[in-house]
Structure formats: structure tokens, C-alpha cells
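Work through the exercises below with the sequence and the 3D structure at hand. Each task is followed by its solution in steps.

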Amino acid sequence: MATPISVVTGGAGFLGSHLCDRLLAEGHRVIALDNLLTGSTDNIAHLAGDPRFTFIRHNVTEYIYLPGAIHYVFHFASPASPIDYLELPIQTLKVGSLGTHNALGLALAKNARFLLASTSECYGDPLQHPQSETYWGNVNPIGPRGVYDEAKRFAEAMTMAYHRYHGVDTRIVRIFNTYGPRMRLRDGRVVPAFIGQALRGEPLTVFGDGRQTRSFCFCSDLIEGIYRLSQTDFHEPVNIGTPTEFTILEFAQLVQTILGSTSPIIHKPLPQDDPKQRRPDITRARQLLGWEPKVDLETGLRRTIEYFRGKV
């Protein structure tokens, strides 16, 4: 069989760069597209000189032209942290709409398999717990988080439309909270925020009373699930995440314990529409992919902390 050629939009981002690594390990040639709005060439610097890897600086909200055969398109381009999409609301909406349209157009033109990186934010501040793929969500379309939530919901609708109308071979992964090396230290998400604050000896900032919950999946587990999904024939959304749930306060205390930190925990008001509970039902991933997470939170945090030690 010919060497598969994969395009990864957002390929210089946190998850996109890890996906590039995995595809190369699986024998693919990889073309990474990124406009570096929130991505960084630092994340793919180790791939410089690899003849199977190509990086192109490109904004996927503009038309995508690539010559030759392409077998897979993985659409991962998007701001993905609250700080990013609150500072870049228009860009977030455009990459979810125009960017998804262009990426799907590329897949259609090349007869390539398409995988959309969607998000648990499609469920909004959920009224169902845990969240299964059949839940339609509880999203405030005009709230500050709506620019990300609705961009991804639109991207899912566009993906299914291309599948149904044009027959594009599509996949949708709904990604729950994921962490690990290559996250940006100041991207506003709770893992780098707490680790960075603790390493700098600053107070750990907990929003609200800290009883809101999250489930944290290490990046290698997530990429394993995504790769397995890409090799199936399943077209509807699949949750990938960890069903083990922690309160934000418990998580802050775990970071303190691992680092031996004496930084105090301080509380600030809860942001608007911040989800109170977030935990995936991964029954579909278990049955369809034979997948479940392997890396426990403490092990994953220790690996992530080692990465961030060199960044603080």
C-alpha cells in the first residue's frame, strides 16, 4: 500500500503536534497547516529535517490548495482555551465555520477521510451527567463562551452535511479536558494555570467555591483514541476523555502535594456559563474502539510539571 498522506490543520498546536508525531510513527507522511495564532513552531521543532514532515504557515479560513494525493484530513485548527476564544472571538467563529468548510472541501476534492476535532463544550453547562453523545447540550449561544461552543456545534453540523450530501468519509471526536506537555503556560486552562502558579510560588486561583468538576485526560491517551477512531467506519460523534471526576479544589490540592508547594489557594468569582460538571460517558469509545485511558492523573501531572519546569 502507498504511504498514507495526512493533513493536520492546527498542526503546530498542543494536540495537533502530538497527532503529527503519532501519524509519523504510524508511517504517514504529514503536512501540518497552522497560522501560529495560538500554535507554536516550538511544538514541531523536533520534526525539522524529517523528510516525511512538511509545515506550511496558512490560515485555514482561506482556501486550502495542496497538490497531489491526500488520504486523511484531521481538522484541529482552533483557539481552544477560554482566554484565547474570549480574546479572539471572531477568529474562533471563522475557523469553526469557514475553516471547517475549507478543510471539508479539501477532503472532498481529494477523496480523503476527514476527522473533526470537536469538544465537550458542545454540551455547554450540561443538565445531563455524565454526558453521552446522544445529549444535545445546554449552550448559551450569546454568552461569552458561545463563540467557541457554537463554532464547534456548527462544525459538527457541517461535517455531517458533507457526509450525508457529498458522501465524505467523516469522523467526529468530542474531546474532553486534556493536558500534557506542549500546553501554553498562560493559556488560561486550569492545568497550566495551577502548575505555573505553584512553580512561581504564587497563590493558586480557584474560581467559585471549587466544587465544580472536571475530568482530565493525558494527551497520549487522547491521541490513541483519536487514532483508533480514524481507523473505524463510524461517522457519529465519539467522546474521548477520562470518566474519573475531580473537583477543581481537589485538583489544586493535588498540584500542591506533587510540587510540595506552600502556595495558598485563593478564590475568585466563577466566570459566566462556566460548566458545573464535566465528565464523559465513554461507553461508545469502549465498545467501538476498545479504548479507555491508561495514564492516571498523578502520573500525567508529573510528566506535565517536568515539561513546565523549563518554561517558568
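**Exercise 1.** Classify Asn111 as buried or exposed, and describe its backbone.

Solution. Asn111 has 72% relative accessibility, so it counts as exposed (over 50%; buried is under 20%, partly exposed in between, with a 1.4 Å probe and protein chains only). Its phi is positive, about 55°, although Asn111 is not a glycine. Asn111 sits in the loop between helix H3 (89-110) and E5; helices (H or I, at least four residues) and strands (E, at least two) are DSSP runs numbered from the N terminus.

The model is predicted: local features need pLDDT of at least 70, side-chain atom pairs count only at pLDDT 80 or more, and totals for chains, interfaces and linings use all residues. Residues are numbered from 1 along each chain as its sequence is written, and side-chain values use heavy atoms, leaving out hydrogens and water.

**Exercise 2.** Treat Leu36 likewise: what is its phi, and where does Leu36 lie?

Solution. Phi of Leu36 is near 65°, again positive in a residue other than glycine. The loop between strand E2 (29-34) and strand E3 (53-57) holds Leu36. At 22% relative accessibility, Leu36 is partly exposed.

**Exercise 3.** List the contacts of Phe194 beyond its neighbours within four places in sequence.

Solution. With contact meaning heavy atoms within 4.5 Å, Phe194 touches Leu204, Thr205, Val206, Ile248, Phe251, Ala252 and Val255.
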